[in-house]
Amino acid sequence: MPEHIHLVKLCVGIDSFDDLDRHISATSGDATGHVTRMRPKQEAQLLNGGSLYWVIKGVIQARQEVLALDEYNGGDGIKRCRIVLAKPLIRTQNAPRRAFQGWRYLKPEDAPADMPKGREHEDELPTELAQTLADLGLF
C-alpha cells in the first residue's frame, strides 16, 4: 500500500485554471473545502501528503493539498464529507482525463508533476490543443 494517495475530481462549472484560482482566492482563511457524498476509505494515506487534483475541461491542471476530512451535515440531514484543502492552488502539468462521476483515487506515480518554478504563471495552452498534444504523446 502506498505511503500516500491522491484524489482526482472534475471541476464542474469552471473553465480554466485562472477561474478556479480566482474562486479559491475569493474564499476567506488559509483553507477551502469541497463537500462530497462519499468519504474516502483510504483516509490515512490521503492525509499523509495527498492532494486533490482538479480536472478542468478534460485535463488535470491543478492540485490542492488535502488537510483534513470533516463530517458535514447539510440541511437535509444526510451525512457528507468535507475535504479541507490548502490554499494556494498549485498549477500542474496538463494531463488528459476522461469524464467520470464523483472522485477517484490517483496513485502518486500517476499524478502529473507540478509546473516547474518560474513557469506557474505562463499562459495555458488552449484545452483542445493541450488534449491533442497529450493524445499524440507530446505533452
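## Cysteines and disulfides

The count of disulfides comes to 0, where a disulfide is a pair of cysteine sulfur atoms within 2.5 Å. Cys11 is buried at 9% relative accessibility, and Cys81 is buried with a relative accessible area of 1%. Here buried means under 20% relative accessible area, exposed means over 50%, and partly exposed lies in between (1.4 Å probe, protein chains only).

## Basis of the model

This is a predicted model, in which local features need pLDDT of at least 70 and side-chain atom pairs count only at pLDDT 80 or more, while totals for chains, interfaces and linings use all residues. Residues are numbered from 1 along each chain as its sequence is written, and side-chain values use heavy atoms, with hydrogens and water left out.

## The chain as a whole

The chain has 3 helices and 7 strands. Helices (H or I, at least four residues) and strands (E, at least two) are DSSP runs, numbered from the N terminus. Along the sequence, the pattern reads β-α-β-α-β-β-β-β-β-α.

Of the 139 residues in the chain, 37% are buried. The chain exposes about 8400 Å², and carbon and sulfur atoms supply 50% of that area; accessible areas come from the Shrake-Rupley method with a 1.4 Å probe, and for residues only the protein chains shown count as cover. Contact means heavy atoms within 4.5 Å. Among contacts between residues at least 6 apart in sequence, 71% join residues at least 24 apart.

## Nonpolar cores

A nonpolar core is a set of buried Ala, Val, Leu, Ile, Met, Phe, Trp, Tyr and Cys residues joined through side-chain atoms within 4.5 Å. The largest one has 19 residues, of which Leu20, Leu52, Trp54, Val66, Ile83 and Leu89 touch the most other members. The elements that give two or more residues to this core are H1, strand E3 (51-56), strand E4 (59-73) and strand E5 (79-86). Apart from this core lies another, of 8 residues, among them Tyr53, Ala95, Phe100 and Ala111.

## Thr36 at the end of strand E2

Thr36 belongs to strand E2, which covers residues 31-36. Thr36 counts as buried because its relative accessibility is 9%. Leaving aside neighbours within four places in sequence, Thr36 is in contact with Arg80, Cys81, Ile83 and Trp103. Thr36 and Gly102 are 66 residues apart in sequence, and their C-alpha atoms are 7.6 Å apart in space.

Ser16 sits in the loop between strand E1 (6-10) and helix H1 (17-25). The side chain of Ser16 reaches the backbone nitrogen of Asp19 at 3.2 Å. Ser16 is buried, with a relative accessible area of 14%.

Gln61 lies in strand E4 and is buried, with a relative accessible area of 2%. The side chain of Gln61 reaches the backbone oxygen of Ile56 at 3.0 Å.

## Salt bridges

Side chains of opposite charge can pair when their charged atoms come close. A salt bridge is a side-chain nitrogen of Lys or Arg within 4 Å of a carboxyl oxygen of Asp or Glu. The structure holds 6 salt bridges. In one of them, Asp19 pairs with Arg22, and the closest N and O atoms are 2.5 Å apart. Asp19 and Arg22 are separated by about one helical turn because they are 3 residues apart in helix H1. Asp19 is partly exposed at 24% relative accessible area, and Arg22 is exposed at 54%.

Another salt bridge joins Asp114 and Arg63, with the closest N and O atoms 2.7 Å apart. This pair links distant parts of the chain: Asp114 is in the loop between strand E7 (103-106) and helix H3 (127-135), while Arg63 is in strand E4, 51 residues apart. Asp114 is partly exposed at 30% relative accessibility, whereas Arg63 is buried with a relative accessible area of 15%. The side chains of Arg80 and Asp76 also meet in a salt bridge, at 3.0 Å from N to O. Arg80 is partly exposed at 24% relative accessibility, and Asp76 is partly exposed at 48%.

Methods: Polar contact = N/O pair within 3.5 Å; in protein donor to acceptor, adjacent residues only side chain to side chain.
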